[in-house]
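Please report on the ligand site of this model.

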Amino acid sequence: MKLREHLQITVRSIKLLYSLSRRYFISMTAESVGRAVLPYVPIYFSARLIDALAAGEPVEVLALYVALTVGLTALLGLLNAWLAAQAAIGSQENYNASEWLYAEKAMGMSYASIEDREVTLLRERIKMESQTGYNLWFLVSTIQEGVGNLVQVAASISLCASFFAISAVSLGAKLAFVAGVILTVAVSSLLTRKDALIRNQFYAEAVGWNTLDMKFSQYLENYGSGKDIRLYAMEEPLVEFNKSTILSIWKKEAKMDFLRAGLRFLDTVLNHGLRLGVYLLLISAALSGGLSVGSIARYASCVVLLLSAAAGLVYNIQMSLVNDQYMKRFFSYLDIPNPMYQGSLTIDKRDDCDYDVEFRDVSFRYPNTEAYALRHVNLRFRVGEKLAAVGMNGSGKTTFIKLLCRMYDPTEGVILLNGVDIRKYDYDEYMALFSVVFQDFQLLAFSLGQNVAASARYDRGRAALCLEKAGFAKGLGMPKGLDTPIYQHFDPQGVEISGGESQKLALARALYKDAAFIVLDEPTAALDPESEYEVYSKFNQIAGNKTAVYISHRLASCRFCDEIIVFHQGEIVQRGSHDQLIGDEKGKYHELWNAQAQYYSKRA
Ligand code: ADP
């Protein structure tokens, strides 16, 4: 990475940290300065006190120095404690804001990016790196330590400066002093660099192990996998595998710790060797009468602080350069563009739902794939029509819905709403036209009512009505009615609902949205035949004047639809009413119908 890029990343990182929580940024930086300055107060005033004692100064002067030492130290200590408290509160603020940063990014991404495996891997990696202390968190500690180091280097140099003006100390001794300091800092920073590299390498590998470990915990602790684990006695190989992974991490960590201890030992020997040299130098200067007792104490303490601060500063600069690689990856995630063209046309809000949709020669390939999932789809829906899409698994039905709802844009061709390319409309307004129940819909561990309304505040009467329409009136009879929490993630009193019940709940959510189009993608897969019949027979009434699109693998369920379109290998191969389609004995529909009829009659 070039210096220019380092600078850009550093500036952007600092700006980001500042924007996440100003309180945190300011208080933690100020606290670092306060903490760094603190030891210099007693160093400076104690030296003055010793000199005043040696010179036999009056007791008032001595008392003043004592008062200044204790008073200023206490004041600074109090200020630091207050800043530390502010920083602790700010740290939480900063953490929450950074979590939101991830969440907002994920929500603002195109659906194509969310499904993209590369993006998922990148997100997992940077989240894991952040948990192992890199990117933003590393930046925080680098700033905290680096600022402190900088302050101490400046303070130590200014307090040592008078040493060079002492004529009793020879020029050679002064040069030896400077050379000693530079040498120690240089070697010390080389050693810490080596230490940082070893640590980095370990943590870079740890990202992979941590991901693995997290997946294990999920398997072992998640009740979803609990049944399989027990029935197939899977815990033994899982635990065994986990143990062996942990063992190999421990071995590598022990090796790393050993190496690092060796480096620290070298560093300590070197540092103390130099300190000894400085003491000898100062003592010889004092013996030759060139130094007061107080200044010996002051110089000695300052040199010790200077050495550690200068080495720390070099180390933190090096580490921030290393962390720039992590920040770069972090920013590359934040910078993933949303390639969906965002139009600005507004959509008329029509009570009569008079929206007309047309697929004009639409073909589609998923990103990074060669095969077309949809080919030359031409279709126009009449307003209020009840349309069913049938076909074998993988024939393109869900993809058709994803395109209709603008989760993806067509690779070729165009989709029109009231004659206008849907890309030209405001994205959120266009999305507001659709109520969709996907096969893999998700409910949240909030209350029943909040799930129906997809909102914290909602119309209770409307939510209850939608639950009834969706056939889940039973939910209203639950202990707390609409306020009954579902699942137990947040509330131990939460209720577990069955697959069929959750599908009804998802249907109620779609109804509550009251959009012009209602789309059900295999919505009844987990329903028992009776509930399925209930949903279908009532569906025309539920859907009212809305345009409804149904996807189902059970052909019998689609008979009630005005029109059925048959997908095969990404193409629409037939369309018409059930009676028309079944009449075409060579058609795909006939084939699928017979296959299912055979299956059901065999079972019966
Ligand atoms: P259906 O709903 O009829 O079962 P889909 O629309 O889900 O079919 O799938 C159509 C084709 O697109 C299939 O070949 C499937 O493997 C492929 N496909 C679906 N989703 C993705 C995806 N996210 N990335 C790549 N290919 C996909």
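A polar contact is a pair of N or O atoms within 3.5 Å; within protein, one must be able to donate a hydrogen and the other to accept it, and residues adjacent in sequence count only if both atoms are side-chain atoms. The model is predicted: local features need pLDDT of at least 70, side-chain atom pairs count only at pLDDT 80 or more, and totals for chains, interfaces and linings use all residues. Residues are numbered from 1 along each chain as its sequence is written, and side-chain values use heavy atoms, with hydrogens and water left out.

**Ligand site**

| Residue | Atom in the residue | Distance to a ligand oxygen atom |
|---|---|---|
| Thr399 | polar side-chain atom | 2.4 Å |
| Lys397 | polar side-chain atom | 3.0 Å |
| Gly396 | backbone N or O atom | 3.0 Å |

On its own, the ligand has 560 Å² of accessible area, and the protein covers 63% of that. Accessible areas come from the Shrake-Rupley method with a 1.4 Å probe; for residues, only the protein chains shown count as cover.

Helices (H or I, at least four residues) and strands (E, at least two) are DSSP runs, numbered from the N terminus.

**Surface patch**

Phe164, Val178 and Ile182 make a nonpolar surface patch of about 250 Å². Nonpolar side chains (Val, Leu, Ile, Met, Phe, Trp, Tyr) are joined within 5 Å, like charges within 9 Å. Phe164 sits in the loop between helix H7 (136–160) and helix H8 (171–221). Its relative accessible area is 36%, so Phe164 is partly exposed. Buried means under 20%, exposed over 50%, partly exposed in between (1.4 Å probe, protein chains only).

**Positive phi**

Most residues other than glycine have a negative phi. Asn135 has a positive phi of about 40°. Asn135 lies in the loop between helix H6 (117–131) and H7, and is buried at 1% relative accessible area. Asn418 has a positive phi of about 45°. Its loop runs between strand E4 (412–417) and strand E5 (420–421). Asn418 is partly exposed, at 37%.

Notes:
Patches are made of residues with over 30% relative accessible area and no salt bridge: like charges are joined within 9 Å, nonpolar side chains (Val, Leu, Ile, Met, Phe, Trp, Tyr) within 5 Å. A salt bridge is a side-chain nitrogen of Lys or Arg within 4 Å of a carboxyl oxygen of Asp or Glu.
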